[in-house]
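Hi there,

Here is the structure I promised to pass on. Please have a look at it, and below you will find my notes on what turned up.

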Amino acid sequence: MRKRHAFINSFTGLFSKIIIIFCTFIVRIFFTTYIFIELIGIDSLFASIMGILSLIELGLGQAMAFSLYDPLNKKDDMKISAIINLYKKIYIILGLSIFILSLLVTPFIGFFVKDLTYDIDKVRLYFLIYSLSTVVTYFFAYKRTLLFASQNNYINISIDSIIKIIVSLLQITLLILAKSYLLYIVINVIGNILSNLIIAHLSNKLSIYKYDKTAKLSKQDKNDIISKVKDLAVINMSNKVINSTDSIVISKVIGSKALALSSNYSLIIFSIQGIILSFLGGITASVGDLLVENNIKKINRIFIIVNFICFLVATYVSIAFYFNIDVLIKLWIGQEFVFENNVKFILMINLYLYIAQYPIIMFLNVKGIYKRYKKYSFFQMLLNLLVSIYMAHKIGIVGVFLGTSFSYLFGWIAFSRVVHKEILNVRSKNYIGIQSGYFTTFILVGFLTSLFVKLTNFSGFIYIVLVSLSILLICLFMISLFYKNTEGYRFILENTRLRKYLKIGG
């Protein structure tokens with residue numbers, strides 16, 4: 001049953017994410033055509049500010065999901081009800097608090113934009129409306145988390161996809177007819193409200209457990225949850241700062257037009273990450289189920305396999321991004337939105353680091369040992385913030401992304417030590433050696449791809465297809481050459497049709 005749920009959630013997540021990304025890219029074409037260029041950067045700034053304001057959420061979603069794994073596994077309806085009752089109250093308070101914070105930030109929104117020429121009063125109004133889309137989600141967050149923890153996340157992502165298609169069609173229509181950013185964000189807010197209402201209704205109808213509105217947690221259980229939330233506060237704050245401050249630093253130090261350029265690359269990168277994490281995220285609840293069983297040998301095997309899969313995905317996706325992104329941007333929105341090669345290179349490295357370290361982050365979060373690694377998250381946040389600000393003043397936009405590189409690398413090394421000591425019960429020295437080998441392979445694949453690119457004279461979509469195919473073939477060759485005796489390689493051969501093509505070690 002665990003495998004079946006993992007497959008359904010992974011497949012639905014992947015398919016749904018592709019639909020959402022396709023809609024986002026199509027809408028973006030019309031957005032850049034009909035909306036003032038500064039608003040493109042400001043829209044990205046709004047998302048980053050709301051990300052920072054959402055720090056008040058303190059990682060409750062993760063804590064709630066972790067708290068539900070065990071009672072859901074044991075079908076303890078009373079404890080599930082007690083957890084739901086607690087989080088429902090907290091989320092309502094948080095939603096109202098974030099809206100109040102948005103009201104307080106609104107008068108100062110101009111501070112975050114260098115050389116703003118757009119009407120500041122309109123920007124403030126837009127921000128208030130934009131914030132409603134985030135605030136609404138908190139009033140229904142406990143319903144979404146219950147579906148996720150019970151391995152029914154496919155319901156969340158399916159409804160989100162359907163609403164996204166409808167919202168995108170309406171946004172495109174309004175952009176063409178009215179050329180209005182105001183109507184653009186209003187439609188988004190309405191879509192978010194509708195999506196959450198439907199998900200709440202389906203969550204109730206599914207009857208995952210027998211709800212008791214009088215159920216309360218014991219003092220010990222409540223203290224345990226509060227302790228986890230406190231630890232998650234630091235971790236969540238660190239993650240939000242790392243993911244949200246790049247846009248704010250670029251906007252403040254370099255300007256909103258530079259942010260408009262950066263936001264297009266960020267959209268592509270976040271879309272890539274979203275597709276990958278939607279697929280891998282489908283196994284998160286199943287890993288949580290596995291950790292509850294506490295079979296160390298099985299846990300280690302799954303960890304090795306997931307790491308190998310993430311290495312392959314990180315290598316292929318990151319290199320394909322670097323060699324295809326210029327052509328994609330030109331075809332999508334035009335030559336004037338293309339970055340320089342040094343910026344692309346750092347973005348490629350960051351994308352690799354983000355994907356390759358995902359198993360570490362997943363196991364940490366699912367296990368719920370937040371106290372063990374919260375100090376590393378705090379230092380990771382400081383490193384990202386200080387390096388990004390300093391380097392932005394020294395070398396411009398590439399310096400902002402270098403700050404992210406250093407923070408990713410520091411976090412990966414530090415977090416891996418915690419996972420190996422607290423979950424896998426083995427030393428992390430061997431893991432670091434394996435990852436160093438993976439990174440060397442990644443660089444080698446990139447070098448071989450660059451040789452192929454120099455030989456091709458194609459352009460446009462034909463170029464993208466040929467280069468993407470060449471990277472895939474080079475990756476397959478390298479893994480069959482260097483990793484034929486590994487657990488991850490054998491797992492892939494046993495669970496795919498690659499055995500027909502990769503005879504070596506099969």
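**Salt bridges and a helix pair**

Six salt bridges are found in the structure, which is a predicted model. One of them joins the side chains of Asp121 and Arg124, at 3.2 Å from N to O. These two residues sit three apart in helix 5 (residues 120-138), so about one helical turn separates Asp121 from Arg124. As a general point, side chains of opposite charge can pair when their charged atoms come close.

Next, please turn to helix 17 (429-455) and helix 18 (460-482). How do their axes run? The axes of helix 17 and helix 18 come within 10 Å and cross at roughly 140 degrees. Angles over 145 degrees would count as roughly antiparallel, and the two helices are therefore oblique to each other. Their crossing is right-handed.

The contacts between the two helices involve quite a list of residues. From helix 17, Thr441, Leu444, Val445, Leu448, Thr449, Phe452 and Val453 take part, and they meet Tyr463, Leu466, Val467, Ser470, Ile471, Ile474, Cys475, Met478 and Phe482 of helix 18.

Leu444, Phe447, Leu448, Leu451, Phe477, Leu481 and Phe482 make a nonpolar patch of about 630 Å². Helix 17 and helix 18 are the elements that each give two or more residues to this patch, and helix 17 gives the most, with four. Phe477, one of the patch residues, belongs to helix 18.

Technical notes. Residues numbered from 1 in each chain as written. Predicted model: local features only at pLDDT ≥ 70, side-chain atom pairs only at ≥ 80, totals over all residues. Heavy atoms only, no water. Patch = residues over 30% accessible without salt bridge, like charges linked within 9 Å, V, L, I, M, F, W, Y side chains within 5 Å. Areas by Shrake-Rupley, 256 points an atom, 1.4 Å probe, with all protein chains shown as cover. Salt bridge = Lys/Arg side-chain N within 4 Å of Asp/Glu carboxyl O. Axes fitted to C-alpha atoms, helices over the stretch in contact; angles between N-to-C directions. Parallel < 35°, antiparallel > 145°, perpendicular 65-115°, else oblique. Left-handed = near helix turned anticlockwise from the far one by under 90°. Contact = heavy atoms within 4.5 Å.
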